Amino acid sequence: MITALFADRAENWARYEVPLHKAFVEKGLEVDLIRHTDTPESVDYVIYAPSGPISDFGPFVNLKAVLSLWAGVEKIEGNASIKVPLCRMVDEGLSEGMVEWVTGHILRYHLGMDAHILGQDGAWRKDVVPPLARDRSVGFMGLGELGLDCAKAALGLGFNVSGWSRSLKTLDGIETFAGADGLREMLSKSQIIVLLLPNTADTCDVLNAETLGFLPDGAFIINPGRGELIDDAALLDALDSGKVAHATLDVFRVEPLPVEHPFWEHPQVTVTPHIASETRPMSASRTIAENMRRGEAGEPFLYTVDRAAGY
Ligand code: NAP
């Protein structure tokens with residue numbers, strides 16, 4: 001019998017209890033799924049969320065892995081009390097949701113939808129021919145589980161797609177870049193930029209006064225990655241100067257975004273409350289169960305965090 005401790009907020013237990021049990025049965029695992037323990041030494045796996053009750057993993061002396069329910073790991077990857085593999089969440093439902101959210105916002109900018117959605121003033125403006133995706137360049141900062149799926153969706157719609165990652169990739173139909181020079185080159189040709197990078201020491205403020213300056217005038221920014229990726233003050237300057245025409249921001253350095261933050265009032269900013277995509281209990285539970293199956297079978301875990309790289 002495997003012992004797994006569910007360490008997320010109480011309200012998420014109701015969402016996950018049934019899907020987790022179902023996924024364990026599908027994988028042929030016998031699991032005692034618990035929410036509290038007085039004997040941490042008996043726990044094999046911690047199913048973890050940063051908003052849950054555990055931060056000291058020291059007492060879990062026989063732990064085999066920490067299985068995170070979150071895709072972003074910046075709140076846990078530096079936790080020195082974790083001495084076992086730390087696996088982040090990769091979930092097809094999370095990816096699908098992100099593809100839909102990102103595609104929707106790309107199309108909003110590409111088609112200039114606001115002009116008609118917000119501009120119903122009785123004037124029959126038939127003078128603008130809708131553009132084609134093949135004439136628009138979209139750059140993705142981050143080509144991981146989420147960024148790559150979004151880039152492929154944009155490619156499928158006909159956009160000119162490029163992507164930037166830490167390691168240079170070779171991808172059919174997508175122009176790829178790495179390094180500081182690669183970022184400069186990609187930004188300089190991207191009319192729409194999507195940020196799907198993790199928050200690490202290396203990615204903090206990656207869009208700053210200098211790099212925003214590489215963008216073509218009137219570029220659009222979509223950030224469902226992390227707030228720390230963008231220097232807020234530099235973005236506000238770029239919006240005010242017209243360098244950036246509009247930004248859709250789902251994530252912020254402080255969440256909820258404080259009411260006094262200038263993003264709320266700025267006419268060229270759309271604020272969404274960190275809803276771009278969520279872990280879906282059914283598919284996420286399959287990821288958790290598969291990693292537990294692997295742990296029991298002595299196979300390598302999936303989606304382990306590279307603690308040195310920070311993601
Ligand atoms: P991932 O699979 O780890 O991919 C991260 C990508 O970023 C990889 O392509 C990686 O390059 C690249 N990268 C990392 N450090 C870099 C650097 N210094 N320079 C250039 N590229 C770098 O992560 P994911 O699953 O796609 O998730 C991305 C982020 O989305 C998460 O970390 C989280 O912050 C955010 N997220 C947001 C929401 C939301 O609702 N808003 C939901 C889920 C996740 P390599 O390919 O070379 O490793």
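**Close-ups of a predicted model**

**View 1. The second largest pocket holds about 270 Å³ of space.** A pocket here is an open set of points on a 1 Å grid over the protein atoms alone, where a 1.4 Å probe fits, with protein on both sides within 12 Å along at least five of seven lines. Its volume is the space filled by probe spheres set on those points, which are joined across faces, edges and corners. This is a predicted model, where local features need pLDDT of at least 70 and side-chain atom pairs count only at pLDDT 80 or more, while totals for chains, interfaces and linings use all residues. Residues are numbered from 1 along each chain as its sequence is written, and side-chain values use heavy atoms, leaving out hydrogens and water.

**View 2. Fifteen residues make up the lining of the second largest pocket.** Lining residues have an atom within 4 Å of a point. Nearest the centre sit Leu111, Gly112, Ala115, His116 and Val128. Helix α2 (92–111) gives the largest share, 3 residues; helices are DSSP runs of H or I with at least four residues, strands runs of E with at least two, numbered from the N terminus.

**View 3. Glu255 and Pro256 are joined by a cis peptide bond.** Omega is about -5° here, and Pro256 sits in the loop between β11 (244–249) and α8 (262–265).

**View 4. Asp205 has a positive phi of about 60°, though it's not a glycine.** Look for Asp205 in the loop between β9 (192–195) and α6 (209–212). Asp205 counts as partly exposed because its relative accessibility is 27%, between the cut-offs for buried (under 20%) and exposed (over 50%), using a 1.4 Å probe and protein chains only.
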